Amino acid sequence: MKRLPKLQKHNYKEHADVEFAVPPRKQADNLLSLYWDYVDSAYPWLDRPSFEKAYETLWVRDGELTMNETVLHCLLNLMFATSCVASQGETTLDRYPSSVVFFDRAQALMSYNLMDMYNIEIIQILLLTAV
């Protein structure tokens, strides 16, 4: 029986733009739907209306962000990572690589002095990281 590997922070360096990459809209919406349906019910730490307002600005040309961009992408990647694990369509071993990609992106974004900010989103990031 195969065992799931533990989440590890990889030591490779990626181009900074990769951490700010977002899946295509349909896939991103699907992952967020999974998050709100399965993860948020167990860990209701995010304010859905304020997050969705910030999320929508990603898809609008010249949209004005209502949240720090790094914080938004960090939360989004953590939400995507937990959604991959929660999805029902694939086996656990198939879901794991996608989850790791999003988790690694979030971890890379956390190193950009985010922890010096004092706001509720940083607490939400820390809580979601623990999930």
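This report describes the helices, helix contacts, aromatic pairs and selected residues of a predicted model.

**Overall make-up**

The protein chain contains six helices and zero strands. Read from the N terminus, its elements follow the order α-α-α-α-α-α. The chain has 131 residues, and 40% of them count as buried. Among contacts in the protein chain with a separation of 6 or more, 69% are between residues 24 or more positions apart.

**Helix α3 and its two partners**

Two packed helices are described by the angle between their axes and the distance between the axes.

| Helix pair | Axes come within | Crossing angle |
|---|---|---|
| α2 (residues 25-39) and α3 (residues 48-57) | 13 Å | roughly 170° |
| α3 and α4 (residues 69-86) | 11 Å | roughly 105° |

The axes of α2 and α3 cross at roughly 170°. An angle over 145 degrees counts as roughly antiparallel, and α2 is therefore roughly antiparallel to α3. On the α2 side, the contact is made by Arg25, Ala28, Asp29, Leu32 and Trp36. These residues meet Arg48, Phe51, Glu52, Tyr55 and Glu56 in α3. Sorted by class, the contact of α2 with α3 holds five nonpolar and five charged residues, with no polar ones.

For α3 and α4, the axes cross at roughly 105°. Angles of 65 to 115 degrees count as roughly perpendicular, and so α3 is roughly perpendicular to α4. Here Phe51, Ala54 and Tyr55 of α3 meet Leu72, Leu75, Leu76 and Met79 of α4. The contact of α3 with α4 has seven nonpolar residues, no polar and no charged.

Which residues of α3 are buried? They are Phe51, Ala54, Tyr55 and Thr57. Viewed down the axis of α3, these buried residues fall within an arc of 155°, so they line one face of the helix. An α-helix has 3.6 residues a turn, so residues three or four places apart point the same way. The cover over the buried residues of α3 includes α2 and α4. Pro49 and Lys53 are exposed, on the face of α3 turned away from its buried side.

**Helix α6**

Helix α6 spans residues 120-130, and its buried residues are Glu121, Ile122, Gln124, Ile125 and Leu128. Seen down the axis of α6, the buried residues fall within an arc of 155°, so one face of the helix is lined by them. Ile120 and Ala130 are exposed on the other side of α6.

**Aromatic pairs**

How many aromatic pairs does the count come to? The count is six aromatic pairs. One of them joins Tyr35 and Trp36, with 5.1 Å centre to centre and 80° between the planes, an edge-to-face arrangement. Tyr35 and Trp36 are both buried. Another aromatic pair is formed by Tyr43 and Trp45, which is tilted, with 5.0 Å centre to centre and 40° between the planes. Tyr43 has 33% relative accessibility and therefore counts as partly exposed. Trp45, at 29% relative accessibility, also counts as partly exposed.

Ring pairs link Tyr35, Trp36, Phe51, Tyr55 and Trp59 into a cluster.

**Two individual residues**

Ser83 lies in helix α4. Is Ser83 buried or exposed? Ser83 counts as buried because its relative accessibility is 0%. Setting aside neighbours within four places in sequence, Ser83 is in contact with Leu31, Leu34 and Tyr35. Tyr35 is also a member of the ring cluster.

Phe20 sits in the loop between α1 (16-19) and α2. With 25% relative accessibility, Phe20 counts as partly exposed. Not counting residues up to four places away in sequence, Phe20 touches Glu69, Thr70, His73 and Leu109. Phe20 and Leu109 are 89 residues apart along the chain, and their C-alpha atoms are separated by 8.5 Å.

Key. Residues numbered from 1 in each chain as written. Predicted model: local features only at pLDDT ≥ 70, side-chain atom pairs only at ≥ 80, totals over all residues. Heavy atoms only, no water. Axes fitted to C-alpha atoms, helices over the stretch in contact; angles between N-to-C directions. Helix = DSSP H or I, 4+ residues; strand = E, 2+ residues; numbered from the N terminus. Parallel < 35°, antiparallel > 145°, perpendicular 65-115°, else oblique. Contact = heavy atoms within 4.5 Å. Nonpolar A, V, L, I, M, F, W, Y, C, P; charged D, E, K, R; others polar. Buried < 20%, exposed > 50% of the residue type's maximum accessible area, 1.4 Å probe, protein only. Arc of directions from axis to C-beta. Phe/Tyr/Trp six-rings, centres within 6.5 Å; stacked < 30°, edge-to-face > 60°.
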